[in-house]
Amino acid sequence: MNRGSWTAALLLAVAFHVPRATLHAQAQAQAAAQAPAAPDTMAFYKALDLEASGKYRDAAPLFRSALHTTAAVNALLGLERVYAELGWSDSLLKPLDTLIAAAPREETYRTVQLRTLQSLGRDADLRAAFERWAHDQPTSSAPYREYARLLMQRNQITAADSVLARAKQSLGTTKDLQLEVAQARAAQGEWVESANAWREALRSADYLEQAAAYALAPTPSATRQQVRDVFLAPPIEVPARRALSDLETSWGSAADGWTALKDLPPDSISAEAWSEFAKRAEADERWTLARDALESALKWKRTPALALRAATAALNVGDAAAAMRLAPMADAHGDSTLAAREYLPVQARALAALGRPADAERLVAAYDRFLAPGARASLTRTIAWGWVRTGDMAHARAALAENGVEGDSSDAAGWLALYDGNLKTARTLLRGGTESSPELALALGLIARLKVDSSAAIGQAFLALARGDSAGAAAQLVQAADRTPGGRSLLLATAAQIQLARKNDVEATALWKRIIASDPDTPEAPEAELEWARSLHRAGDTAGATTHLEHLILTYPQSALVPQARRELDALKAATPSV
Amino acid sequence: MSMYKLNKFKRALGAAARRALCVAAGLLAVGAPAALAQKLLVPMDDAQQNHLKAYGLTYNAIKAGASAEWLLNYRGGSFLLSDTPDLRRQAALAGITVEPIDNAKVADIRTEIAANNMEAVPLEKAPKIAVYTPPDALPWDDAVTLALKYAGIEYTPIYDDEVERGDLSKYDWLHLHHEDFTGQLNKFYLTYRDVPWFIDLLQKNTATAKRLGFANIPALKKDVAEKIREFVERGGFLFAMCGATETLELAIAARNVDIAQSFIDGTPMDPDADKKLDWSRTLAFRDAHLEQSPFVNSMSDIDGHQVNAAGRQQPLGTFTLFNFSAKFDPVASMLVQDHRAVINDFYGVTTSFNKAVLKPADIVLASEEGAPWVKYIHGDYGKGTWTYYGGHDPEDPRHQIGNPPTDLSLFKNSPGYRLILNNVLFPAAKKKPLKT
């Protein structure tokens, strides 16, 4: 769940804490505000104006006088607010007694009474007021709900739970109190019971799905599967699955978040859930999940906007063929401006990725007169990329040359310089570029620290990487290491990094060993030792991992990696709890 | 078993004689030959990068036979250890700040100690540690086992079977944490009766009680409490936190009275239980009153904060460690060695101890200013000693059931956790002969 969603969840949780009766009263107030004011409610509206301008002392007597009018409920809420501002909340108790005596079934009066007593810290009176309310309305869940909420707000979870248990005893059910039960169970660490209550609550209030995910987020790892089972149990209910999806994302697995949603029945509600999930996945650059979710949504209803999003996601996971299929130029329905703006970039990028830069060039040329200058430059770079991927550097350069000065100073020009082994130019252009990608971080991390200005082997290594040949790239970097004075350990470490990404721990380990043996005084040596220890730990060799972590700490005491090594050493020795 | 009774010894000495002794010690140290081995000073003030692991370093040094001294009130209660390659290695690995010092510096330190409210206490023998904890993991953490594990101090977990077969005699130091020795399982029945972990806990405890020949859990726990009392009486060191403090005392006082509610043993609490409690047998408290209601999550009025009793809960403040005379009261001084004097309070099933129920001989080690309760107390009982520290987890002020355990690598300078580790080391202090 992204930050915005969490904020929404929090706000939702807070919002839901406003008593339902209060919301009802506010709605009444709004309705009243739209109708012509009766003479006996004039004082109330005057009081609202005074309150809005911060004149609480002046507003208080007017709200008080309005307690005897048809606007009594809203006047009481106003009086509660201004008294709280003035620190006079205790003055509310007497009018409340009168109001409750006159209208004992009005929930707002009772709720305000409980709130006031709680804010005054009069716990015994609070309890007594709750008991009176429960006695006067023996079939209502409201007294239990409001009192339990107040107790939970004060973190008196056990007490709140006792109130809910009593509600079950008195009312025979807690069906209307599932939200409170869910919150109390979560606060007590009864995660599975809480999940059950949330699922029940979501049946009647689907807007609580983010609140459910927020409340269940702290579930310990060992209990998470049981919580999953609660939400996945048949029948399939969209709010429950959406809550689980949010929960899985908060637990760090967006993939499991998608698992919760993918088997929803295809209908408009599910399609909305898929589309929203995709939106979050797109924001987090989890393109595979975004593509799957968008393709599911497309199966229910195909819209051009969804199709374009799906095509972009497919491109970003390297599925260029799917991208071409999802957003064909024909979808623009003859609107060339729309085609040039929305569909052409997707198609050109897909063609370049498929090794068909000539086709991309032709397509771009066909829409040239509909392109804005910035868009044209971008497409030219895309085409240049396509030529790079086919290994035709002359064509790539020619494509960039069409962009003139802009092309020469672009990111793509920086990459071309790097592939040529011209590290000096690449350093300047890539550093000042607008692109950001893991490949750029790798390239800049390397060439910014190397003292040499040219190296054909390094250029070949990055060219191999661009063509998807990571093994070749690693081999080229190892070759370059021996020919690059002062950069050997860095090049070997980068090669090891690539091998690690290929999950080839054997080759990576050989490189780490070489760094430690041949360049023990470089910053890459402790880094290599740490990675080696991690690799051994992954392979189950705890003793070996311990030896390397200890060696790192003792040999490189000044390294910035020492605190991390200590932390991992503690974890290996079970000195710190595993979470 | 080593026992520190230096306080009594020192009190017996005249002030003049004491001054002469201190000066002599200082002169001897200054005149010591330079060829003597160097020392490692383990500072415990703000210069220390990892206070908690420093205790483990010292404990394991003593265990390995190295010489060690605890420099009370000197730079936050520092340790002075033999300078060995292995200790330096261990310190470097753990990130513990150590300062190699020569004999001249050692002499300077001894002179400073002699002239101020400080003392150098030799640490002789690493105590054998047992932690009374159920074999199955429960959904809450235990501050002491967390601290011991993080510091690298070895301990043996024991539970009812081991206590009942007499294993306590194998240990010098016993820690109790969340156990409810009244046998009512912390009254969690009120809230958790349908929760799997509680059902499991109830079944296992009931089975243990039957297996060991007791009618029910309260009967078993009372007997365990009695054996713990005897352990202290015979010379053991007891350290307890959280609910174990209060319920151990109640169980001992209620040796012949039914104080358990019917949900756990099938019979209600004896209506006259309060009057029948025998406080002459308890370690720390007297004249406390039992909570009579089975529906109120509280055991008695021993706890000042009553965290789980609706309407009674008191807010958390801070507690202040007392400053004792290191030369006259070295035991109390050891227990309060810290780099902070004022520490944020933290809740537990039992958070604090009402002053009204303390026995007159109790030594208050820390309290909240202006509050009717204290936080940290200590006393002698028979040939042994006990220390009670209220609250559950010093770095998690509201530890809830189900919360993840505290990762002490994030709190390696915790002043609250230091108090726990002071208790682990103080039984190592060398017994000095009483001059009678």
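Trainee: What should I keep in mind about the model and its numbering?

Mentor: The model is predicted, with local features needing pLDDT of at least 70 and side-chain atom pairs counting only at pLDDT 80 or more, while totals for chains, interfaces and linings use all residues. Residues are numbered from 1 along each chain as its sequence is written, and chains are lettered from A and ligands numbered from 1 in the order in which they are written.

Trainee: Why is α7(A) called roughly parallel to α9(A)?

Mentor: The axes of α7 (residues 107-119) and α9 (residues 142-153) of chain A come within 10 Å and cross at roughly 25 degrees. Axes are lines fitted to C-alpha atoms, for helices over the stretch in contact, with angles from 0 to 180 degrees between N-to-C directions. Angles under 35 degrees count as roughly parallel, over 145 as roughly antiparallel, 65 to 115 as roughly perpendicular and the rest as oblique, so α7(A) is roughly parallel to α9(A). Helices here are DSSP runs (H or I, at least four residues), strands likewise (E, at least two), numbered from the N terminus.

Trainee: Which residues of α7(A) and α9(A) meet?

Mentor: On α7(A) they are Glu107(A), Arg110(A), Thr111(A), Leu114(A), Arg115(A) and Gln118(A), and on α9(A) Ala142(A), Pro143(A), Glu146(A), Tyr147(A) and Leu150(A). Contact means C-beta atoms, placed from the backbone, within 7 Å. By class, this contact of α7(A) with α9(A) has 5 nonpolar, 2 polar and 4 charged residues. Ala, Val, Leu, Ile, Met, Phe, Trp, Tyr, Cys and Pro count as nonpolar, Asp, Glu, Lys and Arg as charged, and the others, Gly among them, as polar.

Trainee: And what makes α6(A) roughly antiparallel to α7(A)?

Mentor: The axes of α6 (residues 93-102) of chain A and α7(A) come within 10 Å and cross at roughly 155 degrees. That angle makes the pair roughly antiparallel. Leu93(A), Leu96(A), Leu99(A) and Ile100(A) of α6(A) touch Tyr109(A), Arg110(A), Val112(A), Gln113(A) and Thr116(A) of α7(A). This contact of α6(A) with α7(A) has 6 nonpolar, 2 polar and 1 charged residues.

Trainee: Is the crossing of α6(A) and α7(A) left-handed or right-handed?

Mentor: Left-handed, whereas α7(A) and α9(A) cross in a right-handed way. A crossing is left-handed if the near helix is turned anticlockwise from the far one by less than a right angle, and right-handed if clockwise.

Trainee: Where is the kink in α21(A)?

Mentor: At Tyr343(A), shortly before Pro345(A), in the helix spanning residues 336-353, and the kink is about 50 degrees. The bend at a residue is the angle between axes fitted to the seven residues ending there and the seven starting there. After α21(A) comes Gly355(A), with a positive phi near 80 degrees.

Trainee: Why is Leu185(B) called buried?

Mentor: Leu185(B) has 20 other C-beta atoms within 10 Å. A residue is buried if 20 or more other C-beta atoms lie within 10 Å of its own, exposed if 12 or fewer, and partly exposed in between, so Leu185(B) counts as buried. Asn186(B) is buried too, with 23. Glu272(A), in α17(A), has 14 C-beta neighbours inside 10 Å and therefore counts as partly exposed. In α21(A), 13 of the 18 residues are buried.

Trainee: Which bond is cis?

Mentor: The one joining Pro234(A) and Pro235(A), with omega about 0 degrees. Pro235(A) lies in the loop between α14 (221-232) and α15 (238-250) of chain A.

Technical notes:
Two residues are in contact if their C-beta atoms, placed from the backbone, lie within 7 Å.
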